[in-house]
Each structure stands twice: as structure tokens, then as C-alpha cells.
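Thanks for coming. I will go through one structure today, starting with a pair of helices and then widening out. Please look at the picture first.

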Amino acid sequence: MSTAAVAEVFGALEMSSIADRRAAAQALAIVRDGVITGEGPTAGGRIHFSRALDADDAAWCARILGASALASQPVSRDEAEALFAINEAARERSDDGRFDDLFAKAVVHHAASASGLPVPSRDVALSPDVSIDSWAPTKAVGVNVEVLEWIASQMRAKHVSNATIMTLLAAVVGAATLPLAQLPAVFDIGM
């Protein structure tokens, strides 16, 4: 997609008209670019430092993922990969943990859905007021091995904080399945 077309998609975001998950992933890529450079449409005239993620960036991600056209669709792999890229790009955080919460919930939503497990709508699953424990899988039974391998490869390839890794793995594999201390060895993530 051309830069002009991506900018058009992003402009449409202002009007809450992201039509599909592909457009959402592209809009998330624009947020990532803004986090990296501190410039662009997500900076919107405010002071934004390079490689920093603030509350406004986290709010952009939440609005993109919460677009009304996507409400009944699970988080896509492209959207989840875009969130991994944002997480990696953001070396400094000043969002009070909102992005990490959204990031973990979105990746688990994708993983559970891609495994054929039931997931709630995005507005429930991604809400900051809803605990991931209330809807995420509690056992590894039924979780697609390919999806788990994809998550492990994303975590090996990108900088992901320990708390986020534990939240992701505990939710996807199921906290009742393995003690948290064993999770890094299972996924060989080198902690």
C-alpha cells in the first residue's frame, strides 16, 4: 500500500471507519513509526520523544483495535505482529502499563481464536476493566502448537519485557498447566 493510501487509512481512523483487520494492522504500523521517530500523525503536534510510548500511543492502539467494524472479529496475526513491533520499538514507557495490558490481551485473543477456542468480543477481551484471567484459556488443551511456536518465535526475535512474557505464556498455556518458573524453559526464550 502506498504512503498516501496508508495516510488515508489513518485519516479514516479519526472517523472510526477502519473497515478490516488489514487496515487495523496498517494503522498500528503507523503508530509504531510514530513511536520510533516521535513524529507523524500519531504525534499530532504534541511533544513526543523517539523510541517512547506514552498514554496517547496506547490510546491510539486501543482505538484501532476497538474499531467498530472489528468488534466481532478476533485479533489477527498481522495485528498481533504489529503490536510486537510497537512493543519492541518502545524503549521508554509512560503509559502506566496500558499498552502492556492491551498487548498481552490482544496476543492471547489471537492465539486462542487461531486455536479454535472461544473468545469474547474485542470490546470485552481488550477492555482495561476486564481481567485476562476471566476469558483466556486456563489449560493448554486445544491450544494450537503452531500458534504457540509463533508466539515463542516472536518473543525470541523481539524485545519483550519479562512481565509481558509471563502474562502471555500464563494465559495461553494456562497458569494451572505449568508453574511459571518452568515456562521460559518450555519456550526456550532465554530468560
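**Helix α3 and its neighbours**

Start with a contact, meaning heavy atoms within 4.5 Å: Ala 58, Cys 61, Ala 62 and Leu 65 in α3 meet Arg 98, Phe 99, Leu 102 and Ala 106 in α5. Sorted by type, the residues of this contact are 7 nonpolar, no polar and 1 charged. Here Ala, Val, Leu, Ile, Met, Phe, Trp, Tyr, Cys and Pro count as nonpolar, Asp, Glu, Lys and Arg as charged, and the others, Gly among them, as polar.

A word on the source. This is a predicted model, in which local features need pLDDT of at least 70 and side-chain atom pairs count only at pLDDT 80 or more, while totals for chains, interfaces and linings use all residues. Residues are numbered from 1 along each chain as its sequence is written, and side-chain values use heavy atoms, with hydrogens and water left out.

Helices (H or I, at least four residues) and strands (E, at least two) are DSSP runs, numbered from the N terminus. Helix α3 covers residues 55-65 and helix α5 residues 98-114; their axes come within 9 Å and cross at roughly 30°. Axes are lines fitted to C-alpha atoms, for helices over the stretch in contact, and angles run from 0 to 180 degrees between N-to-C directions. Angles under 35 degrees count as roughly parallel, over 145 as roughly antiparallel, 65 to 115 as roughly perpendicular and the rest as oblique. So α3 and α5 are roughly parallel to each other.

On its other contact, α3 packs with helix α2 (residues 21-37) at an angle of about 175°, the axes being 9 Å apart. That is why α2 and α3 are roughly antiparallel to each other. Ala 24, Ala 27, Leu 28, Val 31 and Val 35 in α2 meet Asp 57, Trp 60, Cys 61, Ile 64 and Leu 65 in α3. This contact divides into 9 nonpolar residues, no polar and 1 charged.

Back to α5. Among the buried ones are Phe 99, Leu 102 and Ala 106. Just after α5, Gly 116 takes a positive phi of about 80°.

Finally, the whole chain. It has 9 helices and 2 strands, and of its 191 residues 46% count as buried.

Conventions
Buried means under 20% relative accessible area, exposed over 50%, partly exposed in between (1.4 Å probe, protein chains only).
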